[in-house]
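Hi there,

Here is the structure we talked about, with the sequence alongside. My notes on what turned up follow below.

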Amino acid sequence: MKNFFTKYSNQINGYIFILPAFLIIGIFGIFPVFFGMYMSVHKWKVFKGRFLGFENYQKILGDISSFWLFILGLLILIFSYWFWSEYKNKFKNKFYVFLLSLVFLIISLILINYSWSIMMSTGDEDFLNSLIYIFYYSFFAITTEVGLGLLIAYALYQKLKGKQLFQMILLLPYITPAVMGGAVFFLIFGKAENSILNEFIGLFGYDPQMWLFDKRKLSEILFGIKIDGFFAGPSLALTTSIFYGVWSYTGYYAIILLAGLSIIPSDLYEAAKAEGASRWQTFTKITVPLLMPIIFFLLLTGFINSFQAFNHILVMKTSSAGETMDVVTIEIFDHFWDRVKFGYAAAEGVVLFIILNVLAVSQYVIFRKRLNYD
Amino acid sequence: MIKFYHKELIIPYFILFVILLLSIYPLLYMISTSLMTAGEASNQYMFPKKLMFENYLEVWNSNNFQKYTFNSIIISVVIVTGVLCTSIPAAYAFAKIDFPFRNIIFYGLLISLMIPEIISLLPHLLIIRGDIFPLPFGPSWMNSLKGLTIPFFGNVFLIFLLRQYFKKIPNELWDAARMDGASHFLFLRKVVIPMSMPIIVTISLFAFILAWNSFAWPLLILTKEDWFPVTVSIYSFIREAGTNYNLLMAASLISIFPVLLLYFFTQRLFLESISNFGIKQ
């Protein structure tokens, strides 16, 4: 018996060591997804009801086949990028490769547009709109965060005095809890005419705004045109929550990008300096292109992560902003918390899960090739 | 001192100062509002006329606020302890012990990072209520410390970070220890953990901040106020009509304080691990 233990000591120790973590992650991390799928095909209000099949999905998406068409469209979109990046250097005539990937791109856009409009007319409009809202949120938040972060990282890279202190302050918003941060933003972006921000924009001659309490779309406020649908843009209330996201995450991305900057060989900068390039030129001609893989990576992972934004949006939600702040997580939360439709909420969760996985596939396709600086 | 004659550096400094001001302004405004009278706060003054430090006392002594703060502290400390107890052995096993299916299990766990929290929230709730399978220690974990903490004891991300660090420890150390008759457990306790203190402190801080900020989960499973953490109590404070903003800000500031304190002590490690993580991915 003793022999057995010494012989298999590695195996036994290994499994014992991972057992606690494995059990908890298994039960609370992995099992819920499968259970969520199980719930989504049942009528489930607080307690389990009868088997429904795909009825919940039908209510959400209208026509399930058009959802798959939509996913197919997304995949073709990714494929067109892959096709371009894979073959542009393998053929002499780039033009045909370009043309072909352009054709794929157009096909994918038509598919997405077509399937989306079918889903919109037959499915749960609130849920589908919430997907659009979270798209706005993620898209605008992440591009601003990474863009600003890059600027900050570049400024910090200039061997400034007090770099450590700057970095420390930059990360303060990131560690501030969303509930408390949301509370201050509630005040700063207040609807009162003499709120801090309204007084500030007043200095530049702008009218006071209702911020978190305003459900007008950005296109209406900025350009005075009233349109519906995707191109109307986020509401002013949602934009305010985007500001919060930017406030909270920009420093975090700046720190990561700063670390990225430090692996760019310094002789490149010296060469540029010897050629008499200005700082702005070195930034746009050397830094940005060399950092492109990291920037792209951050944009994509950040986009996927901000699809799950929840806490601060729940805190900053006001009733007068209406449904324009109901991003997808809020919508799901609302369905099972306030309206106690567990099965329906689970089905919405599964749809979100599928979409996130498609985005993850795109991440994999784009970053197959390792980052290198040769 | 800053050399202003160095013309090229003016723009970077300018950008940084503006951004830093924007980063820190909401926090400064929180401080300034927390020292105002109720009237000043609702009229959104920039600065208080007279510093009302009483606000802090008033918040601290009112509405079970102390209890909520202690709840948050207990919840966070329990989660950090639990997460360390499961993550350190697991990360060690994944990094240093050779056993069958090791990598398959590890990558299987990594995939679970892809799962959005909102999807798990609902099944979690049913598990905690004891609807899916019978729970140890009682029929339901609703309204209890168990329910608030145990689901967070396993954290793949922290295991991943630890494993990266443990991998760098040379194998020769283990070979030597084994010659002296040490078990894996002893080696982990006497050699690996003391060597890895920096990363352990960092992930404890990460775990603490995550636990302190947790909001949706307590909101879901707490129907009574007994175990309310500060985040939930401040949320309900915001939702109340006619809130006194000066008190709200004082309360927020008190409840951010522990996180800030920890951050100041460990910021160097914290910065390092964020930048390393960004590159390694």
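**Loop residues**

A:Val340 counts as exposed because 12 C-beta neighbours lie inside 10 Å; a residue is exposed if 12 or fewer other C-beta atoms lie within 10 Å of its own, buried if 20 or more do, and partly exposed in between, with C-beta atoms placed from the backbone. Before going further, please note that this is a predicted model, in which local features need pLDDT of at least 70 and side-chain atom pairs count only at pLDDT 80 or more, while totals for chains, interfaces and linings use all residues. Residues are numbered from 1 along each chain as its sequence is written, and chains are lettered from A and ligands numbered from 1 in the order in which they are written.

A:Val340 is found in the loop between α16 (328-337) and α17 (342-366) of chain A. Helices here are DSSP runs of H or I with at least four residues, strands are runs of E with at least two, and both are numbered from the N terminus. What is the phi of A:Val340 near? The value is near 50°, which is positive in a residue other than glycine. Most residues other than glycine have a negative phi.

B:Phe101 sits in the loop between α4 and α5 (102-111) of chain B, and B:Phe101 counts as exposed because it has 10 C-beta neighbours inside 10 Å.

A:Gly276 is in the loop between α13 (266-274) and α14 (279-306) of chain A. With 7 other C-beta atoms within 10 Å, A:Gly276 is exposed. From A:Gly276 to A:Lys161 the distance is 25 Å, C-alpha to C-alpha, and the two are 115 residues apart in sequence.

**Where the chains meet**

Chain A gives 76 residues to the contact and chain B gives 73; two residues are in contact if their C-beta atoms, placed from the backbone, lie within 7 Å. On the side of chain A that touches chain B, the largest share, 19 residues, comes from helix α2 (residues 9-40) of chain A. That side has 55 nonpolar, 19 polar and 2 charged residues. In this count Ala, Val, Leu, Ile, Met, Phe, Trp, Tyr, Cys and Pro are nonpolar, Asp, Glu, Lys and Arg are charged, and the others, Gly among them, are polar.

Which residues meet where α7(A) touches α1(B)? A:Phe166, A:Ile169 and A:Leu170 in α7(A) meet B:Leu16, B:Leu20, B:Ser23 and B:Ile24 in α1(B). By class, this contact has 6 nonpolar residues, 1 polar and no charged.

**Chain B as a whole**

Chain B has 14 helices and 0 strands. Its radius of gyration, taken over C-alpha atoms, is 23 Å, well over the 19 Å that the globule rule gives for 281 residues, so chain B is more spread out than a compact globule. That rule is 2.2 Å times the number of residues to the power 0.38. The C-alpha trace of chain B spans about 70 × 65 × 35 Å along its principal axes, and buried residues make up 41% of its 281 residues.

**Confidence**

The model scores ipTM 0.84 and pTM 0.87. Mean pLDDT, the predictor's confidence in each residue from 0 to 100, is 85 for chain B, and 94% of its residues reach 70 or more.

Best wishes
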